[in-house]
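Dear colleague,

I am handing over the structure we spoke about, and my notes on what was found in it follow directly below. Please keep the structure open while you read them.

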Amino acid sequence: MPVVTIAQSKGGAGKTTLTLALASEYAALGGIVTVLDADRQNSMVNWYNDRLAEDRAGTGITVVDASQLRDVDIGNAIKRAKADASLVLVDSEGTSNFKTAYAAQDSDYVVVPTRSSRLDLERTVETSEMLARMCKGIQFRVLITQTGQVARSKAELEIDRQISSAFPTFDERMHTLDAFRAMSNYRMTLNEVQQAGLAKCERARAIAQGVLATILEDLKGKDRVNG
Ligand SMILES: Nc1ncnc2c1ncn2[C@@H]1O[C@H](COP(=O)(O)OP(=O)(O)OP(=O)(O)O)[C@@H](O)[C@H]1O
Ligand SMILES: [Mg+2]
């Protein structure tokens, strides 16, 4: 039961969207996912509560509010979540804070979403420094988000190059797609959005599946090293 924290101290980089996409694709494979919402904005909790209110909870995804816990108690919440789920995701807040650092300490893996902008890159450096200081040896990758599928500016491509040379990155880019936005707009998983015909989902699902597969492969590699 791997625990994956989505961390990035820059707001709006795509943490919650990525959390939803990964939870969607893992649950679509029949897996049981618990999401710990460690962000006081409670985006994931609101998504889940709206589903409960409409009797639409049954997807294999449960969301637990971890935002009101003391920072030091997030580890216990992770432990409890691991008992019930085959994947635990922690959606963290868009600030630099101890709750995220402690969650990462108790995780097997961290994903750091970042847009191709200098402002995001600065916060990506901050997040990776936090990981290096507080979670020595933790596996992480940076995921470039909210990019156009085709036309990209020279400046964006240069920032991408800097990110890829400084950090381990995913081959996938999380393009700006209606399907990703539809998950929060309609309180749905990606496959529900697809089934309801609310947005074109093939590309979004392939990206989410690719990111999920890379995380699971990386974790398998770790198990091999640790025997
Ligand atoms: N790949 C994407 N395609 C389309 N829209 C996206 C994508 N990623 C994020 N967005 C949109 O950008 C906004 C910010 O994304 P999101 O809420 O996921 O970021 P966040 O990192 O969780 O923010 P915060 O730090 O405030 O928690 C949202 O309106 C979301 O719908
Ligand atoms: Mg968020």
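Helix 1 and helix 7 pack with their axes 10 Å apart and at an angle of about 90°, which makes helix 1 roughly perpendicular to helix 7. On the side of helix 1 the contact is made by Thr 17, Leu 20, Ala 21 and Ser 24, and on the side of helix 7 by Phe 180, Met 183 and Ser 184. Sorted by class, the contact of helix 1 with helix 7 has four nonpolar and three polar residues, and no charged ones. Please bear in mind throughout that this is a predicted model.

The other helix pair I looked at is helix 5 (residues 118–134) with helix 6 (residues 154–166), whose axes are 10 Å apart and which pack at an angle of about 10°. That angle is under 35 degrees, so helix 5 counts as roughly parallel to helix 6. Here Arg 118, Leu 121 and Thr 124 of helix 5 meet Ile 159, Gln 162 and Ile 163 of helix 6, and the residues of this contact divide into three nonpolar, two polar and one charged.

Turning to the ligand, there are 18 residues around ligand 1, and those that come nearest are Gly 11, Lys 15, Thr 16, Thr 17 and Gly 94. Two or more residues of this shell are given by each of helix 1 (15–28), strand 6 (139–147) and helix 7 (178–185). By class, the shell around ligand 1 has eleven polar, four nonpolar and three charged residues.

Next come the strands. Strand 1 runs parallel to strand 4, to which four bridges join it, and Val 4 stands opposite Leu 89 in strand 4. Strand 1 also runs parallel to strand 5, here joined by three bridges, with Ile 6 standing opposite Val 111 in strand 5.

Strand 2 (residues 33–37) is largely enclosed by the rest of the structure, because five of its five residues are buried. In a regular strand the side chains alternate between the two faces of the sheet. In strand 2, Val 33, Val 35 and Asp 37 point one way and Thr 34 and Leu 36 the other way, and all of them are buried. Strand 2 pairs with strand 3 (residues 61–65) in the parallel sense over five bridges, and Thr 34 stands opposite Thr 62 in strand 3.

Helix 4 (residues 98–105) is mostly covered, with six of its eight residues buried, namely Lys 99, Thr 100, Ala 101, Tyr 102, Ala 103 and Ala 104. What covers these buried residues includes strand 1 (3–6), helix 3, strand 4 (87–91), strand 5 (109–115) and helix 5.

One residue of helix 3 (residues 74–84) that I followed up is Ala 77. Is Ala 77 buried or exposed? Ala 77 has 20 other C-beta atoms within 10 Å, and as 20 or more count as buried, Ala 77 is buried. Leaving aside its neighbours within four places in sequence, Ala 77 is in contact with Leu 36, Val 64, Ala 66 and Leu 69. Leu 36 is one of the buried residues of strand 2. The C-alpha atoms of Ala 77 and Ala 103 are 26 residues apart along the chain and are separated by 9.3 Å, and Ala 103 is one of the buried residues of helix 4.

Asn 42, in the loop between strand 2 and helix 2 (43–53), has a phi near 60°, a positive value in a residue other than glycine. Asn 42 is partly exposed, with 17 other C-beta atoms within 10 Å. Asp 55, in the loop between helix 2 and strand 3, likewise has a phi near 60°, a positive value in a residue other than glycine. Asp 55 is exposed, with 7 other C-beta atoms within 10 Å.

With best wishes

Technical notes: Residues numbered from 1 in each chain as written. Chains lettered and ligands numbered in written order. Predicted model: local features only at pLDDT ≥ 70, side-chain atom pairs only at ≥ 80, totals over all residues. Buried ≥ 20, exposed ≤ 12 C-beta atoms within 10 Å, placed from the backbone. Contact = placed C-beta atoms within 7 Å. Axes fitted to C-alpha atoms, helices over the stretch in contact; angles between N-to-C directions. Parallel < 35°, antiparallel > 145°, perpendicular 65-115°, else oblique. Nonpolar A, V, L, I, M, F, W, Y, C, P; charged D, E, K, R; others polar. Near = placed C-beta within 6 Å. Pairing = 2+ DSSP bridges.
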